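Have a look at the sequence and the fold before reading on.

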Amino acid sequence: MTTDFTTADLIDGHGDTLRSCSTQFRQFGGRAVFSGPIRTVKCHEDNGLVKKVLNTPGEGAVLVVDGGGSLRSALMGDMIAEAAVAHGWAGAVIHGVVRDTVALGGLDLGVKALGSNPRKSAKDAAGVLDGPVVFGDVTFVPGEWLYSDHDGIVVNAERI
């Protein structure tokens, strides 16, 4: 994982080969700048699959979670985020909400989400793992590279 980049400089240097996510995320994790190969989960108000994946070796990857933009229940909290740190994940981008935001801010993990809600989600592990997910005018494909900083998120087919 590299942190010596800015997404603006990446766009300036690589132009239209990069895809820029238009969704306006908030930063919650203690690591504001992060990058890594993409893994994906698609789920709706159920974080069981998110928990399962983040409890496996991350090897510097970023989990992109398409929660359908739901603001009704959190897809990540402090316990799942702590597991992600322990297993070597670089970060998570959640098209949904998180909880335990103060604790998330103290973890060495990139976490971007739409907002927060203290409500727990279902735990059935319903969803799809490692299929393409689409939001913010970007298709996130497992194995491609995500770069995130204060200005936003860009995606490239390969590591830059």
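Predicted model: local features only at pLDDT ≥ 70, side-chain atom pairs only at ≥ 80, totals over all residues.

**Cysteines**
- Cys21 is buried too, with 8% relative accessibility.
- How many disulfides are there? The count comes to 0.
- Here's the reason: a disulfide needs two cysteine sulfur atoms within 2.5 Å, but the sulfur of Cys21 is 16 Å from the closest cysteine sulfur, the one in Cys43, and that is too far for a bond.

**The largest pocket**
- The largest pocket holds about 310 Å³ of space.
- It has 16 lining residues, and Asn47, Lys51, Met79, Ile80 and Lys123 are the closest to its centre.
- Helix 2 (48-54), strand 5 (74-76) and helix 3 (78-86) each give two or more residues to this lining.
- Helix 3 provides the largest share, with 4 residues.
- Sorted by class, the lining has 6 charged, 5 polar and 5 nonpolar residues.

**The second largest pocket**
- The second largest pocket has a volume of about 150 Å³.
- Its lining is made of 13 residues, and Phe25, Lys112, His150, Asp151 and Gly152 lie nearest its centre.
- Strand 2 (26-27) and strand 12 (152-156) supply at least two lining residues each.
- By class, this lining splits into 5 polar, 4 nonpolar and 4 charged residues.

Terms used
Residues numbered from 1 in each chain as written. Heavy atoms only, no water. 1 Å grid on protein atoms, 1.4 Å probe; cavity = no way out; pocket = protein on both sides within 12 Å on 5 of 7 lines; lining within 4 Å. Points joined across faces, edges and corners; volume = space filled by probe spheres on them. Nonpolar A, V, L, I, M, F, W, Y, C, P; charged D, E, K, R; others polar. Buried < 20%, exposed > 50% of the residue type's maximum accessible area, 1.4 Å probe, protein only.
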